[in-house]
Amino acid sequence: MTDGEAVGQLREGLFAAEEYRSGAEPVLMALNPVFFELIWQGRKTHEFRRRFLAGCPVRWFVYLNAPVSRLAAVIDLGPAIVDVPERIAAIAERARAGNGASVLEYVRDLERAFAIPILAVAEYPGLPAAKLRAELGGFHPPQGYVRLRQHPRLLAVCEQMVADTPVRTLRVGTGG
């Protein structure tokens with residue numbers, strides 16, 4: 001079974017089920033708005049990271065970096081594919097021609113890297129950085145990822161955002 005087939009089965013088995021969300025680890029990570037738009041265009045099906053959680057699905061609360069500067073979306077991620085940089089770069093190349101070289105450059109010096117399948121995305125009206133600072137008494141966009149169960153006030157603000165009606169939603173194919 002290929003990575004894509006395994007992720008496809010995972011997506012169909014988990015995405016629609018409420019157990020996915022309750023079992024998924026909530027994290028906050030920043031994302032460049034350019035890459036966010038690539039997801040909507042169907043051109044970005046994995047998130048590539050140098051460090052990440054292994055072995056579990058993740059509910060990613062997305063903070064879009066400047067110029068957007070707002071908590072804006074939730075992305076359901078499948079368990080990370082953890083492998084040597086060359087294999088992670090090959091996943092990037094299969095997912096989007098020409099992307100493998102930049103991913104390899106990003107993870108080249110590591111023993112292992114992470115390709116995290118994007119299963120679904122929902123965009124919300126969101127919360128601008130100024131409102132996040134006011135609600136939390138301060139806010140700085142994360143450099144890596146923040147495990148939200150360790151930050152209950154921040155998790156509550158993120159959950160408050162998803163109580164609103166999404167602006168748009170999308171199931172994402174992983175392309176194997």
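Trainee: What makes tyrosine 63 buried?

Mentor: Remember first that this is a predicted model. Tyrosine 63 has a relative accessible area of 3%, and buried means under 20%, so tyrosine 63 is buried.

Trainee: Why is the pair of phenylalanine 36 and tryptophan 40 called edge-to-face?

Mentor: A pair of aromatic rings is described by the distance of the centres and the angle of the planes. Here the centres are 5.9 Å apart and the planes stand at 85 degrees. An angle over 60 counts as edge-to-face, so that is the name for this pair. Phenylalanine 36 and tryptophan 40 are both buried, and both lie in helix α3, four residues apart, about one turn of the helix.

Trainee: And why is the pair of tyrosine 63 and phenylalanine 139 called tilted?

Mentor: Their centres are 5.3 Å apart, with 55 degrees between the planes. Stacked needs under 30 degrees and edge-to-face over 60, so 55 degrees makes the pair tilted. Tyrosine 63 lies in strand β3 and phenylalanine 139 in the loop between α6 and β7, so the pair ties together parts that are 76 residues apart in sequence.

Trainee: What makes arginine 168 a charge that sits over the ring of tryptophan 40?

Mentor: Its charged end is 4.0 Å from the ring centre, and the distance must be within 6 Å, at an angle within 35 degrees of the ring normal. The charged end of arginine 50 likewise sits over the ring of tyrosine 106, 5.8 Å from its centre.

Trainee: How do you know that the buried residues of α5 are on the same side?

Mentor: The buried residues of helix α5 are Gly100, Val103, Leu104 and Val107. They cover an arc of only 100 degrees around the axis, which puts them on the same side of α5. Ala101 and Glu105, on the other side, are exposed. The buried residues pack against β2, α4 and β6.

Trainee: Which residues lie nearest the centre of the largest pocket?

Mentor: Those are Phe35, Glu47, Phe48, Arg49 and Tyr106, out of 25 lining residues. About 540 Å³ of space lies in this pocket. The elements that give two or more residues to its lining are β1, β2 and α5, and the largest share, four residues, comes from β2.

Trainee: Why is serine 69 called partly exposed?

Mentor: Its relative accessible area is 24%. Buried would need under 20% and exposed over 50%, so serine 69 falls in between and is partly exposed. Serine 69 is in the loop between β3 and β4, and its phi is near 50 degrees, a positive value in a residue other than glycine.

Trainee: What else is in that loop?

Mentor: Proline 67 lies in the loop between β3 and β4, and a cis peptide bond with omega of about 10 degrees joins alanine 66 and proline 67. Most residues other than glycine have a negative phi, and most peptide bonds are trans.

Conventions. Residues are numbered from 1 along each chain as its sequence is written. This is a predicted model: local features need pLDDT of at least 70, side-chain atom pairs count only at pLDDT 80 or more; totals for chains, interfaces and linings use all residues. Side-chain values use heavy atoms; hydrogens and water are left out. Rings of Phe, Tyr and Trp (its six-membered ring) pair if their centres lie within 6.5 Å; planes under 30 degrees apart count as stacked, over 60 as edge-to-face and the rest as tilted. Buried means under 20% relative accessible area, exposed over 50%, partly exposed in between (1.4 Å probe, protein chains only). The arc is that of the directions from the helix axis to the C-beta atoms. Contact means heavy atoms within 4.5 Å. On a 1 Å grid over the protein atoms alone, a cavity is a set of points where a 1.4 Å probe fits but cannot get out, and a pocket is an open set with protein on both sides within 12 Å along at least five of seven lines; lining residues have an atom within 4 Å of a point. Grid points are joined across faces, edges and corners, and a volume is the space filled by probe spheres set on the points.
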